[in-house]
Amino acid sequence: MPTPLLALSLAELPETAWDLLARSLKRRKDPLRTPVLATVGGDGRPQARHVVLRGADPQAGTLVAYTDARSQKVDALLQHPWAELCFFTPRHGLQLRAVGDARVLRGEERCRQAWAKTPGGSRRSYLTEDAPGTPLACAGDGLPKGYDPDSPEQLARGQELFAIVELSVERIDWLVLGSEHRRAEIRRDDEPRASWTATWLVP
Ligand SMILES: Cc1cc2nc3c(=O)[nH]c(=O)nc-3n(C[C@H](O)[C@H](O)[C@H](O)COP(=O)(O)O)c2cc1C
């Protein structure tokens, strides 16, 4: 039986936070797998939307999502790389807010490998004819006529449009709401970079 989150010591928080995030990658129904990615648009206004968490590496301190390189979030991140991924799991009453610099990778070997592993059904998200958010004359999914995700043409196109968003986490705000409330800041140390130090905060 794992230690209830309210009973955790300060020293246990960093590893627990990263473990919960890493474990969600393999659990399709885990709410931690679909955080909200918040960015700042070129107009200075906030933007928030759910994404699927695709990677969590405590050593590198990175969290990863995939997206269409033409999407608004990519534009926003190219102008303002500072971003936040906000997670909530009702089972644990836990909110995690991971803040850091996000970079967008496109056309690199890593993108090619991730694209090759993306199942046909998911590829459609990256293969719309026009950029996501473009107005349509009538309701539709925006895919090209006669769309076949496995055709060499669509595979090559997807490879070009597929982008990886990698958040280099600087700090994580930990908040447990339960019979009592607990809040802490989990901050990445300057040296060594793979270590994290937590501090209790007023919830
Ligand atoms: C549960 C859920 C998961 C989603 N996962 C992703 C994702 O991994 N990547 C993505 O680009 N959009 C994802 N979306 C769609 C985005 O929330 C958003 O509508 C879309 O990316 C356009 O956002 P933008 O115009 O702000 O870039 C998801 C939506 C939901 C509801």
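The structure is a predicted model, in which local features need pLDDT of at least 70 and side-chain atom pairs count only at pLDDT 80 or more, while totals for chains, interfaces and linings use all residues. Residues are numbered from 1 along each chain as its sequence is written.

The protein chain contains five helices and nine strands, where helices (H or I, at least four residues) and strands (E, at least two) are DSSP runs numbered from the N terminus. Read from the N terminus, the order of these elements is α-β-β-β-β-α-β-β-α-α-α-β-β-β. Along the principal axes, the C-alpha atoms of the protein chain fill a box of roughly 55 × 40 × 35 Å. Of its 203 residues, 25% are buried; a residue is buried if 20 or more other C-beta atoms lie within 10 Å of its own, exposed if 12 or fewer, and partly exposed in between, with C-beta atoms placed from the backbone. Among contacts between residues at least 6 apart in sequence, 61% join residues at least 24 apart, a contact being a pair of residues whose C-beta atoms, placed from the backbone, lie within 7 Å.

Helix α1, which covers residues 13-24, reaches 17 Å from its first C-alpha to its last, close to the 16 Å expected at 1.5 Å a residue for its 12 residues; the expected span is 1.5 Å times one less than the number of residues. The buried residues in α1 are Leu13, Pro14, Ala17, Trp18, Leu21 and Ser24. Seen down the helix axis, the buried residues of α1 fall within an arc of 125°, so they line one face of the helix; the arc is that of the directions from the helix axis to the C-beta atoms. Their cover includes the strands β3 (55-57), β4, β6 (94-106), β7 (162-177), β8 (181-188) and β9 (196-201).

The largest nonpolar core has 38 residues, and those with the most contacts inside it are Ala17, Leu63, Val165 and Leu167. Such a core is a set of buried Ala, Val, Leu, Ile, Met, Phe, Trp, Tyr and Cys residues joined through C-beta atoms within 7 Å. Two or more residues of this core come from each of α1, β4, α2, β5 (82-89), β6, β7 and β8, and β7 gives the most, with nine residues. Apart from residues up to four places away in sequence, Val165 touches Val64, Ala65, Thr67, Leu77, Ala102 and Val104.

Around the ligand lie 15 residues, of which Arg49, Thr67, Ser71, Gln72 and Lys73 come nearest. At least two residues of this shell are supplied by each of β2 (46-50), β4 (62-68) and α2 (72-79), and the largest share, four residues, comes from β4.

Leu143 is placed in the loop between α4 (120-123) and α5 (152-161) and is partly exposed, because 14 other C-beta atoms lie within 10 Å. Leaving out residues up to four places away in sequence, Leu143 touches Arg124, Leu127, Thr128 and Glu129. His181, in strand β8, counts as exposed because it has 12 C-beta neighbours inside 10 Å. Beyond its neighbours within four places in sequence, His181 is in contact with Val176 and Pro203.

Conventions: Near = placed C-beta within 6 Å. Contact = placed C-beta atoms within 7 Å.
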